[in-house]
Amino acid sequence: MSGKSPNLVRDLGGLAAARMGVRLLGVAVGWVVARVIGPEALGQLSVPNLLFVLLPFATLGFADGLARELPLARRDNPPFAKELLRTAWLLNLLLLGLCALGVLAARPFLRPWLPDTWLLWLSVGAGLANGLLRVALIGLSGAQRIRDLASLQVVQGLLRALFVLALLFLLPERLQVYVLHAGMVLSLLGALVWAARQGVVQAPRLNPAAVGMLARSGPPIAFASLFLMLLVVGDRLVMSRILEGQVRGFFEQAVLIRDGLLLLPGVLLTVLVPDHSARQNDPARRPELLKDVARQSGLVAVLTPVLLVLLCLQLPWLMDLLLPRFIPGVPLFQLAVLGMGPIFLSYIFVSLMIGEGRSVEVGLLGLLSLAGLLALDVWAPRWPGLWLNAVLGHGATLPGMDLALGASLSALAAFWLFTLVVMGRGVWCWGFPWRRVLGWLLPSFLFTLVALPLLAKGWLQHWLPGVNAPALAICLLLMWVYEGRSGQLSKVWRARRAAKA
């Protein structure tokens, strides 16, 4: 985030602000839905939510390839860029249609996880519409039309809020469990209509050369994206079968918190993957690229613990204000926030790896971490020990809460494992000093080490000024020290207002 690329800083800031606004609106809508339907009904949405996010990956990544190939085509062969878009639309339409037929055939297999047929079809419909919107979003990202990308996401977020809340208060109580996915379908279709009116949706057409390029780049990027996403939300696969009743709803809410926070580093991938791809294969620009990566990593390393510390400490009174029936799940929600620290830290290096064509390596790292997470959930779900007993002794005594807390600890361990390996690759491949990389990891790691014993003592399960005030002071001190040593905060602010490069 140097002053040499001010347009990138401005684009990243604008897109982050738009996504933050949309995410806050989505969180507000989700809280209203959870408050109305309650934790037990929310638990029924665990597998439908997973289907919604998984179905776009059934297109084998032919949309994801646009993130890497469009910047190169626009630089080297501009007329061919449109052929890439048209081919991506055709391939995704065909593959999503085949996916719908596959879900039809798999209904008997899905019944133990999802017995409600209406929920199944609504989640599939939302997933298919999400897959089509994903083509438009990645196309805009690859073309580096960041303002249009932000506008499309704002439109979809506003439509989602409108439709979900309208259905929630118009439908009878017995149908309220369907409103989230029904509203998703309507909002995604509305966003696609808006995108078509803006010229984002292209007439499908097959170009063999474009197929070859998308086939080389797309599936590896989709592979990486799939397992990065599954690493964060994949423990639904195990815990939705193990947990029951209220605790299942609490665990689903914790996963939704992780999923919502995941969108913040997702902004980095949206903007930085095309930028890193466009600067590949140019040795003269290599030192500048690595300097930018170092600056970006340092800034994320400081802002991540500041954001997550403050969010973790405010969760008790937020839940008391907005979702009082979910208060017993506060320790789960705080562990979910803790777990996103290492994920945030990894995404600068992940974007560089994808830009360099190492998407398969990213996906394999995510897959291995996910396998470890699921193995811990299946084979060692109770996590016996003093820490767990201490947390359970402060009010979290519902049947199954020990399993849910154990799964959240498994996730925290898996996330740190993934990040340590990714950052280690940064040392090995790009020559970043270990001392600097460890400095990026240290603030979030220390926050985790301090938060876990405080959680066991019950200090974080209530809003306490005696804890919040020192935490705020430490966050401000960290930012002041970082600004004094690097000047990056003021540089980013000035770059936001600078003329385009």
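Of the 164 residues in the largest nonpolar core, L84, I343, F349, W387 and F432 touch the most other members. A nonpolar core is here a set of buried Ala, Val, Leu, Ile, Met, Phe, Trp, Tyr and Cys residues joined through side-chain atoms within 4.5 Å. Helix α13 (residues 330-355) provides the largest share of this core, with 18 residues. Helices (H or I, at least four residues) and strands (E, at least two) are DSSP runs, numbered from the N terminus. For I343, leaving out residues up to four places away in sequence, the contacts (heavy atoms within 4.5 Å) are L231, V232, L262, F415, F418 and T419.

The model is a predicted one, in which local features need pLDDT of at least 70 and side-chain atom pairs count only at pLDDT 80 or more, while totals for chains, interfaces and linings use all residues. Residues are numbered from 1 along each chain as its sequence is written, and side-chain values use heavy atoms, with hydrogens and water left out.

Stepping back to the whole protein, the secondary structure comes to 19 helices and zero strands. Of its 501 residues, 58% count as buried; buried means under 20% relative accessible area, exposed over 50%, and partly exposed in between, with a 1.4 Å probe and protein chains only. Among contacts between residues at least 6 apart in sequence, 83% join residues at least 24 apart.

Two helix pairs show how the packing looks in detail. The axes of helix α6 (residues 117-142) and helix α8 (residues 179-197) come within 8 Å and cross at roughly 25 degrees, the axes being lines fitted to C-alpha atoms, for helices over the stretch in contact, and the angles running from 0 to 180 degrees between N-to-C directions. α6 and α8 are therefore roughly parallel to each other; angles under 35 degrees count as roughly parallel, over 145 as roughly antiparallel, 65 to 115 as roughly perpendicular and the rest as oblique. Their crossing is left-handed, a term used if the near helix is turned anticlockwise from the far one by less than a right angle, with right-handed used if clockwise. On the α6 side the meeting residues include L119, L122, A126 and L133, and on the α8 side they include H181, M184, L188 and L192.

Helix α2 (residues 46-54) packs with helix α9 (residues 208-233) at an angle of about 165 degrees, their axes lying 11 Å apart. This pair is therefore roughly antiparallel, and the crossing of α2 and α9 is right-handed. Here L50, V53 and L54 in α2 meet L226, M229, L230 and V233 in α9. α2 is mostly covered, as eight of its nine residues are buried, including P48, N49 and F52.

E252 is buried because its relative accessible area is 0%.

G439, in helix α17 (residues 434-456), counts as partly exposed at 40% relative accessibility. From C-alpha to C-alpha, G439 and G298 are 8.5 Å apart in space, although 141 residues separate them in sequence. C312 counts as buried at 1% relative accessibility, and C475 is buried too, with a relative accessible area of 6%. With a disulfide taken as a pair of cysteine sulfur atoms within 2.5 Å, the count comes to zero.
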